[in-house]
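The sequence and structure are shown first.

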Amino acid sequence: MNRLLKIIFFGLFIKPLVTIGLGLNIVGRKNLPMKGPAILAANHNSHLDTLVLMSMYPLSIIHKIRPVAAADYFLSNKFVAWFSLKIIGIIPLDRSGKTKREMLFSSCHKALDNDQILLIFPEGTRGKPEQISRLKKGIYYLIKDRNDTQVTPVVMHGLGRSLPRGEALFVPFNCDVIIGEKIKHCATFKEFFEIMAKKYVELINCCITRHDED
Amino acid sequence: MNFIPPHSLYAMLTVLGLLVVASTLRLLIQKRNPTKDYTELKQRIQSWWIMVAILFSVLIFQKLATVLFFGFLSFLALKEFLSIVPMRQSDRKVVFWAYLAIPIQYYWVWQGWYGMFVIFIPVYMFLFLPFRMVLIGETKGFIKAAGVIHWASMIAIFCLSHIAYLIVLPVKNRDAGSIGVVLFLLFMTQFNDVCQYVWGKSLGKHKIIPKVSPNKTWEGFLGAFATLIICGGFVAPLLTPLSFQQGLVAGGLISGAGFVGDVVISAVKRDLKIKNSGSLIPGHGGILDRMDSLIFTSPLFFHFLYYLVY
(Lines give C-alpha, C1' and ligand atoms only; values in the text may rest on other atoms or scores of the structure.)
Protein backbone atom coordinates (compact mmCIF):
# COMPACT_ATOMS: atom_id res chain seq x y z
CA MET A 1 0.00 0.00 0.00
CA ASN A 2 2.70 2.45 0.98
CA ARG A 3 4.76 1.42 -1.98
CA LEU A 4 1.80 2.16 -4.24
CA LEU A 5 1.32 5.59 -2.62
CA LYS A 6 5.00 6.21 -3.09
CA ILE A 7 4.89 5.31 -6.78
CA ILE A 8 1.83 7.54 -7.28
CA PHE A 9 3.46 10.41 -5.41
CA PHE A 10 6.70 10.23 -7.39
CA GLY A 11 5.18 9.28 -10.73
CA LEU A 12 2.40 11.86 -10.76
CA PHE A 13 3.86 14.75 -8.78
CA ILE A 14 7.57 14.66 -8.20
CA LYS A 15 8.81 13.42 -11.58
CA PRO A 16 6.71 15.94 -13.58
CA LEU A 17 7.66 18.71 -11.14
CA VAL A 18 11.35 17.91 -11.45
CA THR A 19 11.35 17.58 -15.25
CA ILE A 20 9.06 20.51 -16.10
CA GLY A 21 9.05 22.81 -13.07
CA LEU A 22 12.77 22.44 -12.63
CA GLY A 23 14.68 20.74 -15.43
CA LEU A 24 17.93 18.94 -14.71
CA ASN A 25 21.30 19.30 -16.39
CA ILE A 26 22.70 15.90 -15.46
CA VAL A 27 26.41 15.24 -15.92
CA GLY A 28 27.87 11.80 -15.28
CA ARG A 29 24.61 9.86 -15.22
CA LYS A 30 26.53 6.60 -15.72
CA ASN A 31 28.16 7.10 -12.33
CA LEU A 32 24.81 6.88 -10.55
CA PRO A 33 24.74 3.57 -8.60
CA MET A 34 21.67 1.58 -9.61
CA LYS A 35 22.19 -1.25 -7.12
CA GLY A 36 22.68 -1.22 -3.39
CA PRO A 37 24.39 -1.27 -1.06
CA ALA A 38 25.58 2.19 -2.01
CA ILE A 39 25.66 5.71 -0.63
CA LEU A 40 25.07 8.98 -2.45
CA ALA A 41 26.71 11.88 -0.64
CA ALA A 42 25.26 15.17 -1.84
CA ASN A 43 25.44 18.80 -0.86
CA HIS A 44 22.28 20.17 0.73
CA ASN A 45 20.64 23.52 0.02
CA SER A 46 16.94 22.82 -0.31
CA HIS A 47 14.22 20.32 0.57
CA LEU A 48 14.07 19.68 -3.17
CA ASP A 49 17.52 18.02 -3.05
CA THR A 50 16.10 14.74 -1.75
CA LEU A 51 13.23 14.71 -4.24
CA VAL A 52 15.51 15.50 -7.19
CA LEU A 53 17.95 12.71 -6.31
CA MET A 54 15.14 10.21 -5.84
CA SER A 55 13.45 11.24 -9.08
CA MET A 56 16.52 10.17 -11.07
CA TYR A 57 15.67 6.56 -10.22
CA PRO A 58 13.01 4.52 -12.06
CA LEU A 59 9.74 4.01 -10.17
CA SER A 60 10.39 0.27 -10.00
CA ILE A 61 13.29 0.69 -7.57
CA ILE A 62 12.38 3.99 -5.95
CA HIS A 63 11.44 2.22 -2.70
CA LYS A 64 15.08 1.15 -2.36
CA ILE A 65 16.32 4.73 -2.17
CA ARG A 66 16.43 5.85 1.46
CA PRO A 67 17.26 9.43 2.47
CA VAL A 68 18.89 9.71 5.87
CA ALA A 69 17.22 12.66 7.59
CA ALA A 70 17.20 14.49 10.91
CA ALA A 71 14.81 12.90 13.40
CA ASP A 72 14.33 16.14 15.34
CA TYR A 73 13.10 17.93 12.21
CA PHE A 74 11.14 15.32 10.30
CA LEU A 75 9.52 13.49 13.20
CA SER A 76 8.47 16.64 15.04
CA ASN A 77 4.87 16.58 13.87
CA LYS A 78 2.57 13.69 13.19
CA PHE A 79 1.69 14.36 9.58
CA VAL A 80 5.25 15.23 8.52
CA ALA A 81 6.47 12.12 10.33
CA TRP A 82 3.95 9.87 8.55
CA PHE A 83 4.79 11.45 5.20
CA SER A 84 8.56 11.29 5.70
CA LEU A 85 8.59 7.71 6.96
CA LYS A 86 5.93 6.14 4.75
CA ILE A 87 5.94 8.09 1.48
CA ILE A 88 9.52 9.32 1.20
CA GLY A 89 10.92 6.45 3.25
CA ILE A 90 13.49 8.35 5.27
CA ILE A 91 15.78 6.75 7.80
CA PRO A 92 15.55 9.05 10.83
CA LEU A 93 18.86 10.01 12.42
CA ASP A 94 19.21 11.38 15.92
CA ARG A 95 21.25 14.58 15.79
CA SER A 96 21.02 15.34 19.53
CA GLY A 97 24.08 13.27 20.43
CA LYS A 98 22.20 11.27 23.06
CA THR A 99 22.29 8.00 21.14
CA LYS A 100 25.51 6.00 21.28
CA ARG A 101 27.53 5.87 18.10
CA GLU A 102 27.14 2.12 17.65
CA MET A 103 23.36 2.42 17.90
CA LEU A 104 23.09 5.61 15.86
CA PHE A 105 23.57 3.96 12.50
CA SER A 106 21.87 0.64 13.17
CA SER A 107 18.95 1.35 10.82
CA CYS A 108 21.34 2.63 8.14
CA HIS A 109 23.33 -0.59 8.34
CA LYS A 110 20.13 -2.59 8.16
CA ALA A 111 19.10 -0.76 4.98
CA LEU A 112 22.52 -1.29 3.40
CA ASP A 113 22.36 -4.98 4.34
CA ASN A 114 19.10 -5.09 2.37
CA ASP A 115 20.86 -3.73 -0.73
CA GLN A 116 19.31 -0.30 -0.43
CA ILE A 117 20.83 3.00 -1.55
CA LEU A 118 21.25 5.67 1.09
CA LEU A 119 21.11 9.39 0.39
CA ILE A 120 23.26 11.26 2.84
CA PHE A 121 23.86 14.97 3.13
CA PRO A 122 27.23 15.07 4.90
CA GLU A 123 26.89 18.77 5.67
CA GLY A 124 24.17 17.80 8.12
CA THR A 125 21.94 20.78 7.32
CA ARG A 126 20.77 22.88 4.40
CA GLY A 127 22.91 25.90 5.24
CA LYS A 128 23.06 29.11 3.26
CA PRO A 129 21.74 29.13 -0.30
CA GLU A 130 24.17 27.64 -2.83
CA GLN A 131 27.10 27.30 -0.46
CA ILE A 132 28.77 24.14 0.68
CA SER A 133 29.40 24.00 4.43
CA ARG A 134 31.85 21.86 6.37
CA LEU A 135 31.31 18.14 6.18
CA LYS A 136 30.31 16.19 9.28
CA LYS A 137 32.06 12.99 10.33
CA GLY A 138 29.04 10.71 10.52
CA ILE A 139 29.29 9.39 6.98
CA TYR A 140 32.83 8.18 7.57
CA TYR A 141 31.90 6.18 10.68
CA LEU A 142 29.07 4.62 8.72
CA ILE A 143 31.22 3.22 5.91
CA LYS A 144 34.40 2.62 7.88
CA ASP A 145 33.74 -1.05 8.59
CA ARG A 146 31.74 -1.87 5.48
CA ASN A 147 33.72 -3.30 2.60
CA ASP A 148 30.63 -3.70 0.42
CA THR A 149 29.60 -0.03 0.33
CA GLN A 150 31.17 2.84 -1.56
CA VAL A 151 30.33 6.53 -1.57
CA THR A 152 29.32 8.36 -4.74
CA PRO A 153 29.73 12.15 -4.45
CA VAL A 154 26.99 14.30 -5.97
CA VAL A 155 26.88 18.06 -6.33
CA MET A 156 23.65 19.88 -7.05
CA HIS A 157 23.43 23.53 -7.91
CA GLY A 158 20.50 25.85 -8.53
CA LEU A 159 17.93 24.26 -6.25
CA GLY A 160 18.62 26.82 -3.55
CA ARG A 161 17.26 29.37 -6.01
CA SER A 162 14.06 27.48 -6.77
CA LEU A 163 13.11 26.88 -3.15
CA PRO A 164 15.58 28.27 -0.63
CA ARG A 165 15.37 27.65 3.09
CA GLY A 166 12.53 29.52 4.73
CA GLU A 167 10.79 30.52 1.48
CA ALA A 168 7.40 29.25 0.38
CA LEU A 169 7.34 30.61 -3.19
CA PHE A 170 8.61 28.09 -5.72
CA VAL A 171 10.26 29.65 -8.79
CA PRO A 172 11.29 27.41 -11.70
CA PHE A 173 14.99 27.24 -12.55
CA ASN A 174 17.07 24.58 -14.23
CA CYS A 175 19.56 22.99 -11.92
CA ASP A 176 22.75 21.00 -12.29
CA VAL A 177 23.21 17.50 -10.93
CA ILE A 178 26.82 16.41 -11.27
CA ILE A 179 27.55 12.81 -10.30
CA GLY A 180 31.15 11.87 -9.63
CA GLU A 181 32.93 8.53 -9.61
CA LYS A 182 32.82 6.27 -6.57
CA ILE A 183 35.33 7.05 -3.84
CA LYS A 184 37.73 4.22 -2.99
CA HIS A 185 38.04 3.04 0.58
CA CYS A 186 40.10 5.27 2.81
CA ALA A 187 42.11 4.31 5.84
CA THR A 188 41.56 7.44 7.86
CA PHE A 189 38.87 9.97 8.41
CA LYS A 190 41.19 12.76 7.31
CA GLU A 191 42.05 11.10 4.00
CA PHE A 192 38.39 10.46 3.25
CA PHE A 193 37.44 14.08 3.77
CA GLU A 194 40.33 15.43 1.77
CA ILE A 195 39.19 13.31 -1.16
CA MET A 196 35.56 14.29 -0.68
CA ALA A 197 36.40 17.99 -0.53
CA LYS A 198 38.55 17.71 -3.67
CA LYS A 199 35.80 15.83 -5.53
CA TYR A 200 33.22 18.41 -4.58
CA VAL A 201 35.35 21.21 -6.02
CA GLU A 202 35.89 19.21 -9.22
CA LEU A 203 32.18 18.56 -9.60
CA ILE A 204 31.20 22.15 -8.87
CA ASN A 205 33.32 23.25 -11.81
CA CYS A 206 31.09 21.19 -14.14
CA CYS A 207 28.01 23.22 -13.19
CA ILE A 208 26.60 25.50 -15.86
CA THR A 209 24.22 27.42 -13.62
CA ARG A 210 26.97 28.60 -11.31
CA HIS A 211 29.08 31.75 -11.46
CA ASP A 212 32.10 32.94 -9.59
CA GLU A 213 30.32 36.16 -8.68
CA ASP A 214 27.69 34.37 -6.58
CA MET B 1 -7.94 17.12 -36.15
CA ASN B 2 -8.30 19.42 -39.13
CA PHE B 3 -7.93 18.76 -42.79
CA ILE B 4 -4.32 19.59 -43.79
CA PRO B 5 -4.11 22.03 -46.73
CA PRO B 6 -2.26 20.39 -49.66
CA HIS B 7 0.84 22.60 -49.78
CA SER B 8 1.42 22.27 -46.05
CA LEU B 9 0.97 18.52 -46.32
CA TYR B 10 3.63 18.33 -49.07
CA ALA B 11 5.95 20.48 -46.98
CA MET B 12 5.58 18.16 -44.01
CA LEU B 13 6.15 15.09 -46.17
CA THR B 14 9.29 16.73 -47.61
CA VAL B 15 10.66 17.31 -44.11
CA LEU B 16 9.94 13.69 -43.15
CA GLY B 17 11.64 12.61 -46.39
CA LEU B 18 14.72 14.66 -45.51
CA LEU B 19 14.83 13.00 -42.10
CA VAL B 20 14.67 9.56 -43.69
CA VAL B 21 17.59 10.58 -45.94
CA ALA B 22 19.55 11.85 -42.92
CA SER B 23 18.98 8.65 -40.96
CA THR B 24 19.93 6.47 -43.94
CA LEU B 25 23.09 8.46 -44.61
CA ARG B 26 24.03 8.17 -40.95
CA LEU B 27 23.69 4.38 -41.11
CA LEU B 28 25.79 4.23 -44.30
CA ILE B 29 28.57 6.40 -42.81
CA GLN B 30 28.55 4.26 -39.70
CA LYS B 31 28.90 1.10 -41.82
CA ARG B 32 31.85 2.55 -43.66
CA ASN B 33 33.73 3.55 -40.50
CA PRO B 34 32.53 1.06 -37.90
CA THR B 35 35.30 2.02 -35.49
CA LYS B 36 34.46 5.72 -35.28
CA ASP B 37 32.01 6.97 -32.67
CA TYR B 38 28.93 8.58 -34.19
CA THR B 39 26.87 8.73 -31.00
CA GLU B 40 26.42 12.49 -31.16
CA LEU B 41 25.30 12.47 -34.78
CA LYS B 42 22.90 9.66 -33.99
CA GLN B 43 21.48 11.53 -31.01
CA ARG B 44 21.18 14.68 -33.10
CA ILE B 45 19.13 12.98 -35.81
CA GLN B 46 17.01 11.10 -33.28
CA SER B 47 16.24 14.36 -31.53
CA TRP B 48 15.27 15.88 -34.88
CA TRP B 49 12.77 13.06 -35.40
CA ILE B 50 11.25 13.68 -31.99
CA MET B 51 11.11 17.48 -32.40
CA VAL B 52 9.52 17.21 -35.84
CA ALA B 53 7.03 14.60 -34.60
CA ILE B 54 5.93 16.80 -31.70
CA LEU B 55 5.75 19.94 -33.83
CA PHE B 56 3.75 18.34 -36.63
CA SER B 57 1.26 16.66 -34.29
CA VAL B 58 0.68 19.97 -32.53
CA LEU B 59 0.32 21.88 -35.81
CA ILE B 60 -2.23 19.55 -37.33
CA PHE B 61 -4.15 19.08 -34.11
CA GLN B 62 -5.56 22.52 -33.34
CA LYS B 63 -4.65 26.21 -33.39
CA LEU B 64 -5.03 26.37 -29.62
CA ALA B 65 -2.62 23.45 -29.21
CA THR B 66 -0.04 25.32 -31.29
CA VAL B 67 -0.38 28.49 -29.20
CA LEU B 68 -0.08 26.51 -25.95
CA PHE B 69 2.88 24.58 -27.32
CA PHE B 70 4.85 27.70 -28.18
CA GLY B 71 3.89 29.16 -24.81
CA PHE B 72 5.45 26.09 -23.23
CA LEU B 73 8.58 26.52 -25.37
CA SER B 74 8.79 30.13 -24.17
CA PHE B 75 8.63 28.86 -20.61
CA LEU B 76 11.46 26.38 -21.21
CA ALA B 77 13.57 29.00 -22.98
CA LEU B 78 13.04 31.62 -20.27
CA LYS B 79 13.82 29.11 -17.55
CA GLU B 80 16.97 28.03 -19.31
CA PHE B 81 18.17 31.57 -19.87
CA LEU B 82 17.50 32.71 -16.31
CA SER B 83 19.23 29.61 -14.97
CA ILE B 84 22.52 30.26 -16.71
CA VAL B 85 22.85 34.02 -16.15
CA PRO B 86 24.16 35.33 -12.83
CA MET B 87 21.33 36.52 -10.65
CA ARG B 88 20.87 37.87 -7.16
CA GLN B 89 18.96 35.71 -4.71
CA SER B 90 16.49 38.57 -4.15
CA ASP B 91 15.47 38.57 -7.83
CA ARG B 92 13.57 35.30 -7.64
CA LYS B 93 10.34 37.12 -6.81
CA VAL B 94 10.76 39.34 -9.89
CA VAL B 95 11.52 36.33 -12.05
CA PHE B 96 8.24 34.83 -10.87
CA TRP B 97 6.46 37.75 -12.56
CA ALA B 98 8.45 37.29 -15.72
CA TYR B 99 7.08 33.72 -15.84
CA LEU B 100 3.55 35.05 -15.30
CA ALA B 101 3.96 37.21 -18.40
CA ILE B 102 4.03 34.06 -20.55
CA PRO B 103 0.34 33.05 -20.20
CA ILE B 104 -0.67 36.69 -20.54
CA GLN B 105 1.34 37.27 -23.70
CA TYR B 106 0.02 34.06 -25.28
CA TYR B 107 -3.49 35.05 -24.28
CA TRP B 108 -3.14 38.18 -26.43
CA VAL B 109 -1.84 35.93 -29.19
CA TRP B 110 -4.83 33.60 -28.90
CA GLN B 111 -7.23 36.57 -28.86
CA GLY B 112 -5.48 38.03 -31.90
CA TRP B 113 -5.14 41.38 -30.11
CA TYR B 114 -2.25 42.65 -32.20
CA GLY B 115 -1.80 46.02 -30.46
CA MET B 116 -1.42 44.47 -27.02
CA PHE B 117 0.68 41.60 -28.35
CA VAL B 118 3.36 43.96 -29.71
CA ILE B 119 3.62 46.26 -26.69
CA PHE B 120 2.94 44.06 -23.67
CA ILE B 121 6.54 42.93 -23.06
CA PRO B 122 8.41 45.93 -24.54
CA VAL B 123 6.28 48.47 -22.66
CA TYR B 124 4.21 47.07 -19.80
CA MET B 125 6.62 44.41 -18.56
CA PHE B 126 9.54 46.76 -19.19
CA LEU B 127 7.99 49.23 -16.75
CA PHE B 128 6.53 46.71 -14.33
CA LEU B 129 9.64 44.58 -13.65
CA PRO B 130 11.78 47.41 -12.20
CA PHE B 131 8.75 48.54 -10.19
CA ARG B 132 8.51 45.10 -8.60
CA MET B 133 12.26 45.21 -7.95
CA VAL B 134 11.97 48.53 -6.15
CA LEU B 135 9.39 47.01 -3.81
CA ILE B 136 11.95 44.40 -2.79
CA GLY B 137 14.38 47.21 -2.22
CA GLU B 138 17.75 45.64 -3.04
CA THR B 139 19.64 48.38 -4.89
CA LYS B 140 23.04 46.72 -5.24
CA GLY B 141 23.19 45.37 -8.79
CA PHE B 142 19.79 46.86 -9.65
CA ILE B 143 20.56 48.06 -13.18
CA LYS B 144 22.17 44.82 -14.23
CA ALA B 145 19.35 42.69 -12.85
CA ALA B 146 16.64 44.84 -14.44
CA GLY B 147 18.44 44.58 -17.78
CA VAL B 148 18.96 40.83 -17.59
CA ILE B 149 15.38 39.98 -16.64
CA HIS B 150 13.88 42.18 -19.32
CA TRP B 151 16.32 40.94 -21.95
CA ALA B 152 15.38 37.38 -21.04
CA SER B 153 11.67 38.20 -21.36
CA MET B 154 12.20 39.81 -24.76
CA ILE B 155 14.16 36.87 -26.12
CA ALA B 156 12.17 34.01 -24.68
CA ILE B 157 8.64 35.42 -24.59
CA PHE B 158 8.30 38.36 -26.96
CA CYS B 159 10.39 37.08 -29.86
CA LEU B 160 9.23 33.47 -29.75
CA SER B 161 5.54 34.41 -29.40
CA HIS B 162 5.66 35.76 -32.96
CA ILE B 163 5.74 32.18 -34.24
CA ALA B 164 2.45 31.52 -32.47
CA TYR B 165 0.90 34.73 -33.78
CA LEU B 166 1.54 33.52 -37.35
CA ILE B 167 -0.98 30.76 -36.79
CA VAL B 168 -3.81 33.08 -35.73
CA LEU B 169 -3.37 35.42 -38.71
CA PRO B 170 -6.28 35.22 -41.18
CA VAL B 171 -5.59 32.73 -43.99
CA LYS B 172 -4.61 34.41 -47.26
CA ASN B 173 -3.10 31.43 -49.05
CA ARG B 174 -5.84 28.80 -49.04
CA ASP B 175 -3.61 26.02 -50.37
CA ALA B 176 -1.24 26.42 -47.41
CA GLY B 177 -3.66 27.29 -44.61
CA SER B 178 -2.56 28.90 -41.39
CA ILE B 179 0.19 26.39 -40.70
CA GLY B 180 1.96 27.07 -44.03
CA VAL B 181 3.58 30.29 -42.79
CA VAL B 182 4.78 28.63 -39.59
CA LEU B 183 6.27 25.75 -41.54
CA PHE B 184 7.94 28.24 -43.90
CA LEU B 185 9.56 30.20 -41.07
CA LEU B 186 10.71 27.14 -39.11
CA PHE B 187 11.93 25.23 -42.15
CA MET B 188 13.80 28.17 -43.68
CA THR B 189 15.46 29.06 -40.36
CA GLN B 190 16.70 25.53 -39.75
CA PHE B 191 17.62 25.08 -43.40
CA ASN B 192 19.73 28.25 -43.13
CA ASP B 193 21.65 26.72 -40.19
CA VAL B 194 22.29 23.59 -42.24
CA CYS B 195 23.35 25.59 -45.33
CA GLN B 196 25.77 27.73 -43.32
CA TYR B 197 27.31 24.56 -41.95
CA VAL B 198 27.53 22.79 -45.29
CA TRP B 199 28.88 25.81 -47.25
CA GLY B 200 31.24 26.65 -44.42
CA LYS B 201 32.58 23.07 -44.20
CA SER B 202 33.13 22.75 -47.93
CA LEU B 203 34.42 26.25 -48.85
CA GLY B 204 34.95 28.13 -45.60
CA LYS B 205 38.17 30.10 -45.27
CA HIS B 206 37.62 33.68 -44.11
CA LYS B 207 36.32 34.00 -40.58
CA ILE B 208 33.62 36.61 -39.92
CA ILE B 209 33.78 37.05 -36.14
CA PRO B 210 36.49 34.75 -34.80
CA LYS B 211 36.17 36.20 -31.31
CA VAL B 212 32.57 35.07 -30.92
CA SER B 213 32.19 32.06 -33.15
CA PRO B 214 35.34 30.69 -34.79
CA ASN B 215 33.36 28.32 -37.04
CA LYS B 216 31.48 31.05 -38.91
CA THR B 217 32.96 31.98 -42.25
CA TRP B 218 32.07 34.45 -45.01
CA GLU B 219 31.79 31.55 -47.45
CA GLY B 220 29.31 29.76 -45.21
CA PHE B 221 27.29 32.89 -44.61
CA LEU B 222 27.16 34.03 -48.25
CA GLY B 223 26.53 30.53 -49.57
CA ALA B 224 23.58 30.12 -47.22
CA PHE B 225 22.39 33.66 -48.01
CA ALA B 226 22.24 32.93 -51.74
CA THR B 227 20.66 29.50 -51.21
CA LEU B 228 17.99 30.94 -48.93
CA ILE B 229 17.12 33.79 -51.31
CA ILE B 230 16.53 31.37 -54.17
CA CYS B 231 14.72 28.91 -51.94
CA GLY B 232 12.56 31.68 -50.48
CA GLY B 233 11.51 32.81 -53.95
CA PHE B 234 10.23 29.38 -54.89
CA VAL B 235 8.85 28.15 -51.56
CA ALA B 236 7.19 31.35 -50.28
CA PRO B 237 4.40 31.45 -52.91
CA LEU B 238 3.53 27.85 -52.04
CA LEU B 239 3.42 28.19 -48.25
CA THR B 240 2.76 31.88 -47.62
CA PRO B 241 0.74 34.76 -49.10
CA LEU B 242 4.03 36.25 -50.42
CA SER B 243 4.85 36.54 -54.13
CA PHE B 244 8.02 35.26 -55.82
CA GLN B 245 9.84 38.63 -55.45
CA GLN B 246 8.72 39.07 -51.86
CA GLY B 247 9.82 35.50 -51.17
CA LEU B 248 13.34 36.33 -52.37
CA VAL B 249 13.53 39.13 -49.79
CA ALA B 250 12.01 36.91 -47.08
CA GLY B 251 14.68 34.27 -47.77
CA GLY B 252 17.48 36.83 -47.48
CA LEU B 253 15.94 38.29 -44.33
CA ILE B 254 15.68 34.91 -42.64
CA SER B 255 19.25 34.03 -43.62
CA GLY B 256 20.73 37.26 -42.27
CA ALA B 257 18.63 37.32 -39.10
CA GLY B 258 19.26 33.62 -38.46
CA PHE B 259 23.00 34.22 -38.60
CA VAL B 260 22.76 37.12 -36.14
CA GLY B 261 20.58 35.14 -33.69
CA ASP B 262 23.05 32.28 -33.79
CA VAL B 263 26.09 34.42 -32.99
CA VAL B 264 24.28 36.51 -30.37
CA ILE B 265 23.42 33.40 -28.34
CA SER B 266 27.00 32.18 -28.92
CA ALA B 267 28.25 35.44 -27.44
CA VAL B 268 25.99 34.96 -24.40
CA LYS B 269 27.37 31.45 -23.83
CA ARG B 270 30.93 32.62 -24.34
CA ASP B 271 30.40 35.37 -21.79
CA LEU B 272 29.19 32.77 -19.28
CA LYS B 273 32.01 30.36 -20.27
CA ILE B 274 29.63 27.50 -21.02
CA LYS B 275 29.30 25.38 -24.14
CA ASN B 276 25.60 24.56 -24.06
CA SER B 277 22.76 26.37 -22.37
CA GLY B 278 21.20 23.13 -21.12
CA SER B 279 20.89 19.43 -21.81
CA LEU B 280 17.21 19.08 -22.68
CA ILE B 281 17.69 17.95 -26.30
CA PRO B 282 20.23 15.12 -26.65
CA GLY B 283 22.85 15.94 -29.28
CA HIS B 284 21.75 19.57 -29.56
CA GLY B 285 22.12 20.96 -26.03
CA GLY B 286 19.48 23.16 -24.52
CA ILE B 287 16.38 24.76 -25.95
CA LEU B 288 18.21 28.07 -26.55
CA ASP B 289 20.94 26.26 -28.46
CA ARG B 290 18.27 25.00 -30.84
CA MET B 291 16.14 28.14 -31.04
CA ASP B 292 18.94 30.72 -31.21
CA SER B 293 18.34 31.67 -34.85
CA LEU B 294 14.56 31.57 -34.44
CA ILE B 295 14.73 34.24 -31.75
CA PHE B 296 15.81 36.69 -34.44
CA THR B 297 14.06 35.35 -37.52
CA SER B 298 10.56 35.09 -35.98
CA PRO B 299 9.84 38.76 -35.23
CA LEU B 300 11.61 40.01 -38.37
CA PHE B 301 9.85 37.62 -40.71
CA PHE B 302 6.54 38.21 -38.93
CA HIS B 303 6.67 42.00 -39.32
CA PHE B 304 7.85 41.73 -42.92
CA LEU B 305 4.84 39.57 -43.69
CA TYR B 306 2.49 41.68 -41.60
CA TYR B 307 3.59 44.89 -43.30
CA LEU B 308 3.20 43.50 -46.81
CA VAL B 309 0.05 41.42 -46.51
CA TYR B 310 -2.03 42.46 -43.48
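Which residues in H9(B) meet which residues in H10(B)? In this predicted model, Gln246(B), Ala250(B), Leu253(B), Ile254(B), Ala257(B), Gly258(B), Val260(B), Gly261(B), Asp262(B) and Ile265(B) on the H9(B) side meet Leu288(B), Asp292(B), Ser293(B), Leu294(B), Ile295(B), Phe296(B), Thr297(B), Leu300(B), Phe301(B), Phe304(B) and Leu308(B) on the H10(B) side. By class, the residues of this contact divide into 14 nonpolar, five polar and two charged. Two packed helices are described by the angle between their axes and the distance between the axes. For helix H9 (residues 244-272) and helix H10 (residues 287-309) of chain B, the angle is about 145° and the axes are 7 Å apart, and the crossing in which H9(B) passes H10(B) is right-handed.

The loop between H9 and H10 of chain B holds Lys273(B), a residue that is not a glycine and yet has a positive phi of about 60°. Lys273(B) counts as exposed, because its C-beta neighbours inside 10 Å number 9, and 12 or fewer is the limit for that class. Within helix H10 of chain B itself lies Met291(B), which counts as buried because it has 26 C-beta neighbours inside 10 Å, where 20 or more are required. Not counting residues up to four places away in sequence, Met291(B) touches Ala77(B) and Leu160(B); its C-alpha atom is separated by 13 Å from that of Phe75(B), although the two are 216 residues apart along the chain.

Helix H1 (residues 2-22) of chain A spans only 26 Å between its end C-alpha atoms, whereas a straight helix of 21 residues would span 30 Å at 1.5 Å a residue. H1(A) has a kink of about 35° centred on Phe10(A). The glycines that follow these helices are Gly137(B) after H5(B), with a positive phi near 90°, and Gly23(A) after H1(A), with a positive phi near 100°.

The buried residues of H5(B) are Phe117(B), Phe120(B), Ile121(B), Met125(B), Leu129(B) and Met133(B), and they pack against helix H4 (92-111) and helix H6 (142-168) of chain B. In H1(A), the residues Phe10(A), Ile14(A), Val18(A) and Leu22(A) are buried, and what covers them includes strand S1 (24-27), helix H2 (48-55), helix H8 (159-162) and strand S7 (175-179) of chain A. An α-helix has 3.6 residues a turn, so residues three or four places apart point the same way.

Phe117(B), in helix H5 of chain B, is buried because 22 other C-beta atoms lie within 10 Å. Leaving aside neighbours within four places in sequence, Phe117(B) is in contact with Trp108(B), Val109(B) and Tyr165(B). Phe117(B) and Tyr106(B), 11 residues apart in sequence, are 8.2 Å apart in space, C-alpha to C-alpha.

**Chain A and the contact between chains**

How many residues of chain B are in contact with chain A? The contact joins 16 residues of chain B to 17 residues of chain A. On the side of chain B that touches chain A, the elements giving two or more residues are helix H3 (63-84) and H4 of chain B, and by class that side has eight nonpolar, four polar and four charged residues.

Within chain A, Arg66(A) belongs to strand S3 (residues 65-70). Beyond its neighbours within four places in sequence, Arg66(A) is in contact with Gly89(A), Ile90(A), Ile91(A), Ala111(A), Gln116(A), Ile117(A), Leu118(A) and Leu119(A). Asp115(A), in the loop between helix H6 (106-113) and strand S5 (117-120) of chain A, is not a glycine but has a positive phi of about 60°.

| Residue | C-beta atoms within 10 Å | Class |
|---|---|---|
| Arg66(A) | 22 other C-beta atoms within 10 Å | buried |
| Asp115(A) | 12 C-beta neighbours inside 10 Å | exposed |
| Met291(B) | 26 C-beta neighbours inside 10 Å | buried |
| Lys273(B) | 9 C-beta neighbours inside 10 Å | exposed |

Terms used:
Residues numbered from 1 in each chain as written. Chains lettered and ligands numbered in written order. Predicted model: local features only at pLDDT ≥ 70, side-chain atom pairs only at ≥ 80, totals over all residues. Helix = DSSP H or I, 4+ residues; strand = E, 2+ residues; numbered from the N terminus. Contact = placed C-beta atoms within 7 Å. Nonpolar A, V, L, I, M, F, W, Y, C, P; charged D, E, K, R; others polar. Axes fitted to C-alpha atoms, helices over the stretch in contact; angles between N-to-C directions. Left-handed = near helix turned anticlockwise from the far one by under 90°. Expected span 1.5 Å × (residues − 1). Bend = angle between axes of the 7 residues up to and from the residue.
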